[in-house]
Structures are given as structure tokens and as C-alpha cells.
Amino acid sequence: MRDLEDIFGPGGPLARALPDFKVRRDQRRMAQRVADALMARESLVVEAGTGTGKTFAYLVPALLSGLRVLISTGTRTLQDQLFAKDLPLVAAAIGRPARVALLKGRGNYLCRYRLDRIDAHAEQLDMAGIGAPMRTKTAQAMLARIQRWARTTKRGDLAEIRGLSDTHPVWPQVTSTRESCLGQRCPEFSRCHVVLARREALDADIVIVNHHLLLADLALKEDGFGDLLGSADAIVLDEAHQIPDLATQFFGSHVGSRQLETLLKELRAEIAAHAANTPPGGANQTPAAALRDAEDALLQLRASAPSTPGRYPWASGASALSSAVRDLGESLYAVRAALAPAGEDSPLAQFADRAAEVAANLGRIGAQDELDGARALECRTGGFTLSLIPFDISARFRALVAARRGAWIFTSATLSIGEEFGHFTGRLGLDDAHTLLIESPFDHERQSLLYLPDGLPAPAAPGYVAAVIDTAEPLIRAAGGGAFVLFTSHRALVQGASLLRARWGADSPFRLFVQGEAPRERMLQEFRADGNAVLLGTASFWEGVDVKGGALRLVIIEKLPFASPDDPLVRARIEYLTACGGNAFRDYQLPEAALTLKQGAGRLIRSEDDYGVVVICDPRMVGRNYGRVFLAALPPMTVTRDEDEARRFLVRHAPRLPTAPRQALAP
């Protein structure tokens, strides 16, 4: 393998290819450790602090290894950056060209079959929840654009269509799900964009996927699309801190009202389309009658669910909800039996399989003797989701890793707590994995200040959010804007936004962005462009947000991000750990909150030129013994309890930027 010291050193190929390349000893150290793990086919967990250059540190050894490598990311943004920018640049710089494939989840690709059905049968788009006729008209116009684009696209990636986001109501109408896909029965199978993308990926040296697709690969290979995971020599998981929660969801069971309604609606259309060719049911129930029973059972389940949005505990047993779930499962099995006479080659066979799969999930969620997970019913306006979330996935994930005898590289900026990786590795069963901790090269002690305000009430006090805004507002003014205010709940976010708007009035000194009032990426784009804006956000802004430079110079955290013990899934996990003799607070609640806080505070310093203040308003940081666990998880910032010192730091190190002309936030 080519000498890594030369590649990452001064005057090396990376330095020649990148004018702003900085030689970092720790980047080279990570690259060498990744190279060793690839050669030894072992598992390696690497925390690389912001600024290490971890992307190049795993791309270079991956390209040099000659192995077939699968790279998985937590976001499509990083996926696209690796494919379009980083990999081509590194491959050209070190002279190691490779066949690279970008593979997204099936929901990102046009389904020709579903598009043709809309066109051929003049079906109305499912516009539930759209409301205004103008929005429906806009959706029809977007459909016409998609139909024109479909005639020329080679990849079928809907991201090619400007102005079409995955939240657009047309999107789910022209894509397939694993449940709705006809697989090899589909008349468009030979031209299917998902099939073609997977075939391309199977021929590539390096395949870039996302975590959802990686974890779903075991199921996808059953659809005849190829086993990507099994054919890889090495798997690199960037943004690996997301894997434990995602894997927990993946190993659980979920059934939602939208999934059920889509299945029954599409089945009704298919039964009507094939009525003339469907053999009579004979002594068995007819498909139409079985479908009506399933629809009635779904209505009964809806009636059994709470009408108020929220997440509710569900102890299976003698209850109206349990009875309704059982009845729906039985009715779906009856649908499968009624469709059996149609034969395996009929499109109805796919619906029989879907009905049976949903029924099996309902049975697993509703089983009275299921002791390995927490059940919950999540209700929202117009729908619900039934879930079974396993308490412990470590054995199953360990078996998945062991079954594929390649290298597994897990890397992120937030995997350890006080230099310990045990919480992350324990959740995934990676007890034998090697670990490497690389601190951020940034001088956090000089570039940032951690301000812990004195005198705030307890977080449970009625006036707590108001006290947070009282603390935040003068700091925002001292910084001249350029602030994130991160909340731990939507309720606190709404209250905080209302208080700040009431304080500033119509002549707000800073442009204010509030999560939920516009698309996330659009808000971030305009926040960066403004330079002096204030953004209020919850969970999705605690991680995966990169605002380099002076546009972000103040991060205010409302309170320590403990998961709510009132959440039935959290409560069930606490009860489970306690029953097993563990300490739920020490082993679960505290480390999870510490890692989340580490993510939130990490939004501030993203380059050597960044300066700013992190404010943690929660008095428990200094009033409780466990505050030291949170401090140990954070970068080595200078700590102060003096508000004047924090304001002086902001004025001295974070001068306001020229304000960009204000424009209306695009919807």
C-alpha cells in the first residue's frame, strides 16, 4: 500500500490537489489505523473530533486497499458529497481510479409502474391533507413535469427534478415501497430504476449508501435486487452515532394506518381491475368480501385508538385495542386466503404477500408473551402507528457483523463519553472492537467559552422557558445575532418563539427562524446567508448541521436533553433495565443525554477561525453530581458562570457580520 505519510504529508498529492489542505498528524494516524483494520478484516470504532478530516482518513485507505467497500452515511447530503466531490477528488489525487456507485433507498427512485398507472387510468392523486384546490393544481403540474422527465432520465433519481422535495404530495405516488413493489412480477422489472441502480452497485468497487438502506439490506435481497452487504469486503459507517437507534427501529416491528390504508386502497383497485379474470372463491370467501371485512376491522381499530395526538403505552391483553389489533390481523390473513386462487403469477399474489406480512407484524406487536420489547401506540392527526421496539439488539447486531467476515469501521465525532466507548459498543454488541479516540484539532479553550448561568429555576418550574429567554436575549444582542437556541421539546420551542417575538415585536433586531415554519435546509441556507439571524430548533438541529464561519457564534441550550420518562418507550426501557438489575439512569438515560449534548454543543466550532459561546441554561449542570459526566463529554472549553464575561467574549471574538438583504422565507 502506498505510504500514507507521503499522501497526507506536506507536498503530497492531497496537498497539491487541495489548496486549503492542512497537514494533520491525527488524520494520518486515523488513516493508518483504518488501513490496518481493512487488512486484518477487523472491527474498529473511531471517534474523530470535528476538523480531523475523517472523510479523507477512511477514503484514502479504502481506495488503496483494492477491496470492495460499502460506505454508509447518516444523511443524503453526505452521500451526495462523497459521490460528487470527495471520492472523485481523492481518487484523482492519489491516482487510484475506482468504479463508484451511489445507491439510495427505493423511495428516491421513480417507479415506472406506478407512474404508468396514474397516467393510464387517469387516477386522481391521493391528496389527503393538501386542502386548497390551488395546492392540488400545483401537484398536478408537478406530476406533468415528472412524466416529461421520466421519458429521458437514465437514473430515475427524483433528486434530478428541481423543486421536488421528498415532502411533496406527489412523491409517494410515483415511488414504491418494499411492500408495494411487485418485484420480478412487475411488467417494468427490466427497466426498473431500483433494479438498475442495484446492478450498477454490485459491479462497483465502492458503493455509497445510507444507514437506512444498509440496515434494510437483509430484507432487500429477498426481493431479487442483490445482497449488497454480503458482497462487500469492508463496511465503513460514517455518522455512526446514529446506528444504535436506527438498528433498534430496524429490528422492531411497526404498522401504521397509512400503510394499512394504502394496502387496502390499492388492493380494492386491483380487485376491480382484475374482476373479470379472478377465479371465483368457491367455498372460500371472495376477495371483495374479505377486503370489506379488513376495512371494517381497520375502522374498528381507529375507533379503539385515542383521539388526542401523542404516544401511548400499550400493555397487550384484554383491551379494546388488543382485540381490534387481533381482529385486523385475522382479517388480513383471510384476505391472503381469498386471493390464493388467483395464482402466483397474478398481481393479486403480491397483495396476498403484503397482507400476510402486515398481519404477522400485527401478531408480533400484539403478542401477550412478547417480553423483549416495548409496545406503543403513537397517534397523530389523521393516523396512528403501532410499534414494538426491542430493548436489547446487541446480540442480533453482533451476529450480523460476525456473519460477514469483513472489516467494519464505525466513525463519528460523538461516540465516546469521557474517553469511554462502552455505551456505544455495548448497545451494538461490539465488545471485541478496537477503538481509537482522536481529539478535535481546534483550540476549543481559546476559541470558545462555556457559560453556565447562575440563578435559573429548576427545569420543571412553570417559568423555566421564560427564564431561558431572559438569559438568552441579552447574549443574542451582545453577539449581534448569529445564534442557535436549541430546545428539548416542541412545546418549549413554541413557547420560546412566542416569548422572543413578543419581546422584539414587529421591529425585530434580527431575522428569526423557527423550526417547522419552513423546510429545514431552506432555513439553514438563509440563516447562513443572513449572517446575523437567530434560529430556534429542536432535535433535528442538534446534529448534522454545519455552519462554518461567523454566521453562528452563539449556541444556547435550553436544558439537558434527557429523554422524557413520560414517553412510554423510554419508561418501558427504564422498567426493563431495572427489572434486569441494572441502573437505568446510569446505564441508559445519562449516557444518551450526554452524547446528545455533545452533538448540540458541537454545532459551534466547525473550523480554526470560528469563535463563540455555548450556553447551557440547565442548573443541573452544576447542581447535580452527574453534571461532571456532561462536562466530560464536551470539548475542553473554558468555563464561566459570569454573564459579563460571556458577553465580553461575544463582543470581542464574534463581531456581527454585515446583514444580508432580507427576503421572504420561501415556503
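**A close look at arginine 24**

Tutor: Leaving aside its neighbours within four places in sequence, arginine 24 is in contact (heavy atoms within 4.5 Å) with Gly51, Thr52, Pro441, Phe442 and Glu608. The model is a predicted one, in which local features need pLDDT of at least 70 and side-chain atom pairs count only at pLDDT 80 or more, while totals for chains, interfaces and linings use all residues. Residues are numbered from 1 along each chain as its sequence is written, and side-chain values use heavy atoms, with hydrogens and water left out.

Arginine 24 sits in the loop between helix H2 (13-17) and helix H3 (25-40); helices (H or I, at least four residues) and strands (E, at least two) are DSSP runs, numbered from the N terminus. With a relative accessible area of 19%, arginine 24 is buried, since buried means under 20%, exposed over 50% and partly exposed in between, using a 1.4 Å probe and protein chains only. Arginine 364, in helix H14 (residues 347-366), has a relative accessible area of 24% and is therefore partly exposed. From arginine 364 to arginine 199 there are 165 residues in sequence and 34 Å in space, C-alpha to C-alpha.

Burial can also be followed in strand E13 (residues 483-486), which is covered on both faces, with Ala483 and Val485 buried on one side and Phe484 and Leu486 buried on the other. Strand E13 pairs (at least two DSSP bridges between two strands) in the parallel sense with strand E15 (residues 534-537) over 4 bridges, and there valine 485 stands opposite leucine 536. With strand E16 (residues 554-557), strand E13 again makes a parallel pairing over 4 bridges, in which leucine 486 has isoleucine 557 as its bridge partner.

Now for the protein as a whole, which has 25 helices and 18 strands. Its radius of gyration is 27 Å, close to the 26 Å that the globule rule gives for 667 residues, so the protein is as compact as a globular protein of that length; the radius is taken over C-alpha atoms, and the rule is 2.2 Å times the number of residues to the power 0.38. Along its principal axes, the C-alpha trace spans about 85 × 60 × 55 Å. Of the 667 residues, 53% count as buried, and among contacts between residues at least 6 apart in sequence, 78% join residues at least 24 apart.
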